[in-house]
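Subject: Handover of a structure and the findings

Dear colleague,

Please find the structure below, followed by an account of what was found in it.

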Amino acid sequence: METEKLYYQDAYLREFTAEVISCEPAKDAWKVVLNRTAFYPEGGGQPADHGTLGGVQVLDVHEKEGIVYHTCSAPLEAGQAVQGAIDWGRRFDHMQQHSGEHILSGIICRRFQCDNVGFHLGAEAVTIDFNAEITWEQVLEVEQEANAFICADKPVEITYPTPEGLAALDYRSKKELTGQVRIVAFPGADCCACCGTHVRQSGAINVIKILSCQKFREGVRMEIVCGGRATAYLSAVYGQAKAIGQRLSVKPLETLAAVERLEKELAAAKIRMTELEQTAFRAIAAENTGKGNVILFQPAMKSDSVRRLADVTAQSCGGFAAVFSGEGEHWAYALVQSGGSDITAQVKAMNQALNGRGGGRNGFAQGSVNVSQKKIEDFFKNPPKG
């Protein structure tokens with residue numbers, strides 16, 4: 001006997017009573033079947049409802065051949081009457097996301113003569129795939145149209161057309177459908193075959209915010225949030241913009257210009273730092289003129305700086321320059337052999353002896369070692385033979 005699906009009769013039903021038809025043990029849980037249920041089972045891209053049955057947690061819900069199975073945390077006795085309670089916050093969130101996706105998909109498919117080829121209602125955002133190329137400017141236009149439709153607070157229509165009526169209907173569907181088909185329509189925005197739960201009026205969605213639109217396969221993938229998720233996201237973004245603005249002594253909407261100014265100042269500072277670094281490196285190299293093989297220890301620097309110091313020192317000392325930058329037992333290194341002769345064997349031996357990794361060619365090598373300064377010094381005082 002198929003389960004009576006109360007969620008199709010009233011998607012806003014939060015509590016109900018039902019009879020337990022069966023309860024079978026499953027892995028770390030129990031599968032409960034009721035004569036009727038308001039728990040929506042996972043399907044059509046929409047996650048399952050959660051809540052309680054007779055005070056027992058409902059962890060998941062699935063449907064198979066018309067029967068709805070509730071995965072519960074504890075057993076329920078067959079034949080008993082139970083009170084069911086839906087986790088309304090979760091259900092309404094899913095309704096907002098799913099209904100918002102319909103409106104957006106309907107507008108996009110009409111505007112760009114394309115199809116919605118993928119839909120996933122995730123825990124943080126909704127992803128939708130379209131087989132059309134859409135620019136960010138066009139995305140913003142679509143978002144504006146979708147929110148205007150939501151603001152109009154139009155009723156949602158759910159019907160079960162006859163085969164003849166369905167054949168005459170222009171509706172979206174990812175596959176050819178047979179038998180009884182449930183049509184969810186947002187008149188003026190979308191008409192689609194769908195098994196999910198939806199809001200009664202478009203205004204209940206509150207707002208749609210498109211977060212991204214990236215090239216994906218033959219089209220694009222959009223990431224969106226609707227309703228409570230959208231307002232929470234926008235509040236968080238504003239909070240961050242306000243905090244950044246306070247640090248930069250500007251208003252939240254002026255943070256971009258302030259960051260761009262800082263980027264220019266930082267770029268100029270980096271150029272100046274490189275110039276000063278180069279001056280210091282030349283002085284270090286001059287101190288080691290003609291000394292042959294040289295080993296230097298320096299405070300932590302970027303890898304490019306380590307390389308440049310080793311290079312200029314090798315030119316000055318006329319031999320082998322080894323520069324180690326860091327502290328404790330973590331050092332980045334750059335090795336340069338004046339004249340470019342092969343140092344592959346020496347680098348391999350050093351990496352093995354000093355717990356290091358890295359390499360190079362033509363008299364140059366770069367990498368890191370994880371030992372103390374003393375062990376590095378000892379290695380170069382008594383290098384392995386051969």
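The largest pocket is lined by 33 residues, and those nearest its centre are R172, S173, K174, C192 and A193. Two or more lining residues come from each of α2 (88-112), β9 (116-121) and β13 (190-193). Helices (H or I, at least four residues) and strands (E, at least two) are DSSP runs, numbered from the N terminus. A pocket is, on a 1 Å grid over the protein atoms alone, an open set of points where a 1.4 Å probe fits, with protein on both sides within 12 Å along at least five of seven lines; lining residues have an atom within 4 Å of a point.

This is a predicted model, in which local features need pLDDT of at least 70 and side-chain atom pairs count only at pLDDT 80 or more, while totals for chains, interfaces and linings use all residues. Residues are numbered from 1 along each chain as its sequence is written, and side-chain values use heavy atoms, with hydrogens and water left out.

Helix α2 gives the most to the pocket lining, namely six residues. A nonpolar core is a set of buried Ala, Val, Leu, Ile, Met, Phe, Trp, Tyr and Cys residues joined through side-chain atoms within 4.5 Å; buried means under 20% relative accessible area, exposed over 50%, and partly exposed in between (1.4 Å probe, protein chains only).

R91 is found in helix α2. Is R91 buried or exposed? R91 is buried, with a relative accessible area of 0%. Leaving aside neighbours within four places in sequence, its contacts (heavy atoms within 4.5 Å) include Y7, Y40, D49 and T197.

Helix α8 (residues 344-353) has V347, M350 and N351 as its buried residues. Seen down the axis of α8, these fall within an arc of 100 degrees, so they line one face of the helix; the arc is that of the directions from the helix axis to the C-beta atoms. The face turned away from this buried side carries the exposed residues A345, K348 and Q352. Among the elements that the buried residues of α8 pack against are β17 (318-327) and α9 (373-381).

Yours sincerely,
A colleague
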